[in-house]
Amino acid sequence: MIQLVSFYVFASIVIASAAMVIFARNPVHSVLWLIVAFFNAAGLMVLIGAEFIAMLLVIVYVGAVAVLFLFVVMMLDIDFAELRAGFIKNVPLGLLLAIVLVAELVLGIGAYQAGAVKLGTAAVGVASISATVPNIEAVGALLYSKYVFLFETAGLILLVAMVGAIVLTHRRSHGTRGQSISSQVQRRPQDATRNVNQPSGQGVEL
Amino acid sequence: MTSFFQNLGMNYEAAWFTATIAGILLIALPLMLAVALIIYAERKLWAAFALRRGPNVVGPFGILQSFADGLKVFLQETIIPSASNRGLFLIAPIITFTVALMAWAVIPFADGVVLSNINVGLLYILAISSLGVYGVVIAGWASNSKYPFYSAMRAAAQMISYEVSIGFILICVVLWAGTFNVGGIIEGQRSHVFGFINAYALNPLLFPIAVMFLISSMAETARAPFDLTEAESELVAGYQTEYSSMAFALFWLGEYANVLLMCALNAILFWGGYLPPVDWAPLYVVPGIIWFFAKILLMFFIFAWVKATVPRYRYDQLMRLGWKVFLPISLFWVFLVSGYLMFTGHFA
């Protein structure tokens with residue numbers, strides 16, 4: 001009963017907020033609706049018992065990706081009239097995309113109705129995972145045994161992407177002065193000041 | 001608690017529902033009271049550090065000062081700037097406040113006394129604390145004012161930066177405990193060091209990251225010396241500039257609930273949570289909740305001490321500390337800890 005009610009609550013909020021992402025006039029509102037959609041999708045994941053995926057969804061998408069989205073969108077100075085002016089021009093392209101997406105959805109559901117797809121078989125040597133194992137352990141056991149090379153390849157691709165992004169955007173600026181933390185920390189009072197026992201009536205030699 | 005309501009004649013689902021609601025109220029209401037008192041305690045501490053008296057007028061020793069302040073803001077007029085984004089402007093403090101309460105769901109107050117004992121408790125805390133930034137960012141943007149906006153940008157960058165190293169620090173602890181369950185992490189600390197000390201922090205390998213976690217948690221809650229989001233000399237009052245009355249109070253309460261949460265996390269991850277400091281039978285006579293609160297208060301004292309004595313960081317120094325110091329060290333420490341555990345056959 002509670003599961004059913006919460007499923008419908010989460011599912012309807014996901015769909016409604018996903019629709020609001022498109023219909024919201026203000027791009028900042030769109031991003032915020034997207035965050036609501038992510039968050040409720042995580043709720044759905046918890047309902048099917050995939051709590052690890054749910055937490056990852058919140059940490060990665062809501063906590064990091066969407067914050068950066070919001071960061072960028074908030075700083076843009078967007079002219080809404082100009083945005084709407086391009087509507088007629090882009091309608092054919094948009095319609096085409098929508099038709100392709102609907103066709104894929106229909107195809108996917110139709111194919112699924114014909115029977116589940118068998119992709120690969122259970123790994124040799126990997127024991128089937130029982131329902132009592134926490135799914136963080138289940139994911140780890142699979143990821144670091146059967147799929148370890150794919151997993152490491154994914155890591156390598158991300159590393160290359162990160163290095164690439166840094167190489168493309170990093171510019172060594174000339175003429176700016178940086179801070180040398182170590183020399184500042186090592187600086188002692190003796191380096192900059194001295195005590196003088198000065199007789200009165202005479203100036204100080206600097 | 002579910003079985004208690006079942007004994008009253010409810011069926012399981014109704015009993016579970018009532019028990020959960022009761023549990024939430026049992027955590028949230030005392031937490032609000034604790035926040036009010038902790039604000040008073042902190043003001044008294046700062047006063048002591050500065051050789052002042054602090055609040056001493058309302059009630060005995062001024063202990064009702066926070067409640068008087070609460071009543072004051074409650075009676076004030078809520079001012080909403082006409083150029084602001086009205087809906088988001090009002091939602092922002094509610095987000096901050098709610099998120100600050102949500103993470104307490106997985107905190108065990110004593111052995112088995114926890115609202116929701118989930119397998120991924122620590123990930124849940126990380127997920128919820130990463131939501132905290134939205135309240136600040138939305139407030140800064142919806143105010144439609146320059147200083148709050150600068151503050152929101154700073155907050156977003158600051159919290160994301162320190163979450164990265166906090167993530168690595170948590171991985172070290174999780175490696176040692178072998179579980180993401182918060183209660184499991186506390187139980188893993190039972191007689192951990194030299195066979196009798198119940199704390200990860202006194203493990204020589206984990207002590208440096210315990211210190212790093214304390215500093216990172218100050219940065220994560222935007223407390224001094226990292227309170228650049230509300231640096232009054234640069235940004236007026238930061239993201240709260242346009243806020244007044246209850247909306248402002250919600251920010252305030254949420255901020256302190258977050259600080260208490262971070263103190264609790266420090267106590268749980270590195271100082272043994274509800275366990276007594278050493279594994280000695282007579283100490284177990286004292287209930288676990290007392291030890292837990294004592295540890296939270298000790299952590300809070302350190303937070304207040306730092307705020308009263310350390311000057312504010314400059315923004316580029318803050319970023320340098322996060323990305324160039326904490327991130328490499330914590331990454332190295334993940335290798336070190338996992339290497340040590342593999343070498344000594346911890347996982348065998």
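This briefing walks through two interfaces: the one between chain A and chain B, and the one between the two domains of chain B. The model is predicted, so local features need pLDDT of at least 70 and side-chain atom pairs count only at pLDDT 80 or more, while totals for chains, interfaces and linings use all residues. Residues are numbered from 1 along each chain as its sequence is written, chains are lettered from A in the order in which they are written, and side-chain values use heavy atoms, with hydrogens and water left out.

**Chain A against chain B**

- Contact, meaning heavy atoms within 4.5 Å, links 28 residues of chain A with 30 residues of chain B.
- The two chains bury about 2,400 Å² between them, with 78% of it on carbon and sulfur atoms; buried area is the accessible area (1.4 Å probe) that two parts lose on being put together, summed over both.
- On the chain A side, Ile2(A), Met55(A) and Met74(A) lose the most area to chain B, together 23% of what that side buries.
- There are zero salt bridges between the chains, a salt bridge being a side-chain nitrogen of Lys or Arg within 4 Å of a carboxyl oxygen of Asp or Glu.
- Three residue pairs are in polar contact across this interface, both residues at pLDDT 80 or more. A polar contact is a pair of N or O atoms within 3.5 Å; within protein, one must be able to donate a hydrogen and the other to accept it, and residues adjacent in sequence count only if both atoms are side-chain atoms.

**What chain A brings to the interface**

- Helices α1 (2–23), α2 (27–47) and α3 (51–75) of chain A each supply at least two residues of the side that touches chain B; helices here are DSSP runs (H or I, at least four residues), numbered from the N terminus.
- The largest share of that side, 15 residues, comes from α3(A).
- By class, the side of chain A that touches chain B has 22 nonpolar residues, five polar and one charged. Ala, Val, Leu, Ile, Met, Phe, Trp, Tyr, Cys and Pro count as nonpolar, Asp, Glu, Lys and Arg as charged, and the others, Gly among them, as polar.

**Inside chain B: domain 1 against domain 2**

- Chain B is divided into domain 1 (1–69) and domain 2 (76–343), with bounds from an automatic or database domain assignment.
- The C-alpha centres of these domains lie 19 Å apart, and their contact takes 15 residues from domain 1 and 18 residues from domain 2.
- About 1,600 Å² is buried between the domains, and carbon and sulfur atoms give 89% of that area.
- In domain 1, Ile27(B), Ile38(B) and Phe49(B) lose the most area to domain 2, together 31% of what that side buries.
- The domains share one salt bridge.
- Glu42(B) forms a salt bridge with Arg223(B), their closest N and O atoms being 2.4 Å apart.
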